[in-house]
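Look at the sequence and the 3D view before you read the points.

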Amino acid sequence: MDCGSQGDPPLRSITALVARKISLTVISLLSLGLLWAANATAGPTSTRLAYGTGEIVPIPASIPHEEGDMVDRRILPNLRWLAQRYPIFISDGYSGPLPNGEYAGCHGCHVKNSDHHNGLAVDISPLNWSDKCDANWRGITRLAKWAEPLQNQPTPPFRWVGYDGDAGHGCGHHLHLSWEHALVAEFQLAEWVEVFPVKLMEVGDHPRRKRPKPEAKAPAGPPGGISSIRAGGLAARGD
Ligand SMILES: [Zn+2]
């Protein structure tokens, strides 16, 4: 008869309990870590719809860009925020006619109904240009993954992210970012643009606002907008 065995079970239970508690703590910490990692890489924590009057404006010097590039001013705070965190250089923004008869951006570079034609898309390359997918592109790849953690599932407010896996885009080529917006004709200003609130981004979690369904009809552009050339819906990709 094993006399010692009678005293063992309680001790074993305590040991087992302690071991279980420790493993549960480890699992909780691991989950917390994963949650943190997911939050750190999966795009903005909240978005809002900017209904303010749109306007095609020059990109300010605080956001590195090709001379003459312009965008709808409502995405400027987001671009400024991105420029402070990623080594971006904007190679194209709004592409279309200006009220003064001139043409902004790259003419004939984008698909029909491209978000570039509404000033709500930018093409991005690294601040230190390289035509090879090298270390200069690391920050751009990080930004691409932040905006689109899974292929073809851009995180709001982004409507289309063009990078690795998309023809004509990717590391060593360029990154395309489009912002979600109201259905609008080409070369018109959208009624609303979905953006991430820059101030809240420092604070953390806020519920994400639900997107309204796109209107059946394209609203007329705000007064003082750019002239309409032809009507259209949203491009499938927006590049
Ligand atoms: Zn583009």
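In sequence, the residues that donate to the zinc ion follow the spacing H-x6-D-x52-H. The donors from the protein are His116 (NE2), Asp123 (OD) and His176 (ND1), at 2.0 to 2.2 Å from the zinc ion. Donors are N, O and S atoms within 2.8 Å of the metal (3.2 Å for Na, K and Ca), and water is not among the atoms, so sites may look incomplete.

This is a predicted model, in which local features need pLDDT of at least 70 and side-chain atom pairs count only at pLDDT 80 or more, while totals for chains, interfaces and linings use all residues. Residues are numbered from 1 along each chain as its sequence is written, and side-chain values use heavy atoms, with hydrogens and water left out.

**Zinc site**

- His116 lies in the loop between strand 6 (103–104) and strand 7 (121–126), and His176 lies in strand 9 (residues 175–179), so the pair ties together parts that are 60 residues apart in sequence.
- Helices (H or I, at least four residues) and strands (E, at least two) are DSSP runs, numbered from the N terminus.
- His116 is buried, with a relative accessible area of 0%, and His176 is buried with a relative accessible area of 0%.
- Buried means under 20% relative accessible area, exposed means over 50%, and partly exposed is in between (1.4 Å probe, protein chains only).

**Disulfides**

- A disulfide is a pair of cysteine sulfur atoms within 2.5 Å, and by this rule the count comes to two.
- Counting bonded cysteines along the protein chain, the pattern is 1-2, 3-4.
- Cys106 is partly exposed at 29% relative accessibility, and Cys109 is partly exposed with a relative accessible area of 42%.
- Another disulfide joins Cys133 to Cys171, with an S to S distance of 2.0 Å.
- The torsion about the S-S bond of Cys133 and Cys171 is about 90 degrees, so this disulfide is right-handed.
- Cys133 sits in the loop between strand 7 and helix 3, and Cys171 in the loop between strand 8 and strand 9, so the pair ties together parts that are 38 residues apart in sequence.
- Cys133 counts as exposed at 53% relative accessibility, whereas Cys171 is buried, with a relative accessible area of 17%.

**His169 and its surroundings**

- His169 is placed in the loop between strand 8 and strand 9, and at 12% relative accessibility His169 counts as buried.
- The side chain of His169 reaches the backbone oxygen of Ala167 at 2.8 Å.
- The side chains of His169 and His174 are joined by a polar contact of 3.4 Å.
- A polar contact is a pair of N or O atoms within 3.5 Å; within protein, one must be able to donate a hydrogen and the other to accept it, and residues adjacent in sequence count only if both atoms are side-chain atoms.
- Not counting residues up to four places away in sequence, His169 touches Trp160, Gly162, Tyr163, His174, His176, Arg237 and Asp239.
- Contact means heavy atoms within 4.5 Å.

- Ser125 is in strand 7 and is buried, with a relative accessible area of 7%.
- Leaving aside neighbours within four places in sequence, Ser125 is in contact with Pro87, Ile88, Phe89, Ser91, Trp137 and Ile140.
- Helix 3 is mostly covered, as seven of its 10 residues are buried.
- The buried residues in helix 3 are Gly139, Ile140, Thr141, Leu143, Ala144, Trp146 and Ala147.
- An α-helix has 3.6 residues a turn, so residues three or four places apart point the same way.

**Backbone details in loops**

- The peptide bond from Pro156 to Pro157 is cis, with omega near 10 degrees.
- Pro157 lies in the loop between helix 3 (138–147) and strand 8 (158–162).
- Asn152 is found in the loop between helix 3 and strand 8, and although Asn152 is not a glycine, its phi is positive, at about 65 degrees.
- Asn113 is found in the loop between strand 6 and strand 7, and Asn113 has a positive phi of about 60 degrees although it is not a glycine.
- Asn152 counts as exposed at 54% relative accessibility, whereas Asn113 is buried, with a relative accessible area of 12%.
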